[in-house]
Number of protein chains: 2
Amino acid sequence: MADNKLQNDCKKKLMAIHDAMYVLSGKWKISIIASLCYHDKRRFSEILNDVSGISNKMLSKELKELEMNKLVKRTVLDTQPVTVEYQLTPYGKSLQTIIDSLTDWGTEHRKVIIGK
Amino acid sequence: MADNKLQNDCKKKLMAIHDAMYVLSGKWKISIIASLCYHDKRRFSEILNDVSGISNKMLSKELKELEMNKLVKRTVLDTQPVTVEYQLTPYGKSLQTIIDSLTDWGTEHRKVIIGK
DNA sequence: CTGGATCCGGATTGATACTG
DNA sequence: CAGTATCAATCCGGATCCAG
């Protein structure tokens with residue numbers, strides 16, 4: 001019985017991971033969200049600089065997907081030339097914990113790599 | 001000055017994210033790690049079941065990469081027929097925090113989706 | 001039978017050029 | 001500046017094949 005309950009917990013957790021990975025799927029999504037996590041408002045070209053290695057095509061595509069999933073809000077400013085601002089929605093901000101733990105791990109991980 | 005410091009912090013954090021994403025890159029890696037996080041020892045075919053949607057080809061490939069990055073340990077058991085066990089290394093276990101926060105978020109996220 | 005490699009077609013991505 | 005368009009490279013899924 002207890003075994004069964006434990007197994008069910010595992011399954012539920014793995015399903016939760018699956019759900020989370022669904023919206024976060026895509027090579028760059030987490031990095032994009034991190035950029036917006038640490039900058040509040042960010043323009044297209046700024047994110048392009050933040051996320052090292054990404055191409056404008058992929059940035060455009062993944063931002064669009066994040067917008068569809070209501071994690072990111074896109075605002076066109078009426079300037080000349082046009083500027084566009086991206087920011088996390090409140091819902092998107094709920095990912096902050098994940099980003100923080102990734103940042104912490106990455107910082108440690110870097111030490112390990114460099115230590116070699 | 002203070003502005004400069006803040007900017008540097010952001011850059012460092014984004015670099016940390018970049019480093020973390022490097023080892024976690026690949027469509028399935030996080031789900032695989034989650035499976036091993038919640039099961040301690042797990043066989044190839046069991047992980048195949050845990051990670052819904054993955055093909056044996058990709059599982060094989062990504063496990064190999066995780067092994068190369070020292071996150072996962074592979075053990076061949078001398079049984080008939082051969083069975084292979086995978087488990088997280090202590091280093092791999094340091095990802096637990098990340099997996100947990102993803103699980104928590106995924107659980108909430110699921111509620112939001114179903115609520116619609 | 002289990003763990004995994006191989007081959008192929010279709011989908012995703014990268015590099016670069018181009019547009020409003 | 002903020003994206004599209006295009007073509008090449010690469011990655012991925014499915015089926016199949018193979019060794020122990």
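Contact is here taken to mean heavy atoms within 4.5 Å. On this basis, in the predicted model, the contact between the two protein chains draws 36 residues from chain A and 36 residues from chain B. The size of an interface is often given as the accessible area lost when the parts come together. Between chain A and chain B, about 3,500 Å² is buried, and carbon and sulfur atoms contribute 74% of this area. On the chain A side, the residues that lose the most area to chain B are A:L14, A:I17 and A:W105, which together make up 20% of what that side buries.

Polar and charged interactions also link the two chains. Nine residue pairs are in polar contact between chain A and chain B, counting pairs in which both residues have pLDDT 80 or more. Three helices of chain A, namely α1 (2-24), α2 (29-37) and α6 (96-115), each supply at least two residues of the side that touches chain B. By class, that side of chain A consists of 20 nonpolar, 12 polar and four charged residues. Two salt bridges are found across the interface of chain A and chain B. One of the residue pairs joined by a salt bridge is B:D19 with A:R110, whose closest N and O atoms are 2.2 Å apart.

Of the atoms of DNA strand C that come within 4 Å of the protein, 62% belong to sugar and phosphate. Several elements each provide at least two residues of the surface near DNA strand C: α4 (56-68) from chain A, and α3 (44-50), α4 (56-68) and β3 (83-88) from chain B. Seven nonpolar, four polar and seven charged residues form this surface.

Individual lysine side chains approach DNA strand C at specific atoms. For B:K57, an N or O atom of the side chain is 3.4 Å from a base nitrogen of DNA strand C.

Chain A further contains an open sheet of three strands, ordered β1-β3-β2 with antiparallel pairing. Its edge strands, β1 (42-43) and β2 (72-77), each pair on one side only. Strand β2 is joined to the antiparallel strand β3 (residues 83-88) of chain A by six bridges. Within this pairing, A:L77 has A:T83 of β3 as its bridge partner.

How values were computed:
Residues are numbered from 1 along each chain as its sequence is written. Chains are lettered from A and ligands numbered from 1 in the order in which they are written. This is a predicted model: local features need pLDDT of at least 70, side-chain atom pairs count only at pLDDT 80 or more; totals for chains, interfaces and linings use all residues. Side-chain values use heavy atoms; hydrogens and water are left out. A residue is near a molecule or strand if one of its heavy atoms lies within 4 Å of it. A polar contact is a pair of N or O atoms within 3.5 Å; within protein, one must be able to donate a hydrogen and the other to accept it, and residues adjacent in sequence count only if both atoms are side-chain atoms. Helices (H or I, at least four residues) and strands (E, at least two) are DSSP runs, numbered from the N terminus. Ala, Val, Leu, Ile, Met, Phe, Trp, Tyr, Cys and Pro count as nonpolar, Asp, Glu, Lys and Arg as charged, and the others, Gly among them, as polar. Buried area is the accessible area (1.4 Å probe) that two parts lose on being put together, summed over both. A salt bridge is a side-chain nitrogen of Lys or Arg within 4 Å of a carboxyl oxygen of Asp or Glu. Two strands pair if DSSP finds at least two bridges between them.
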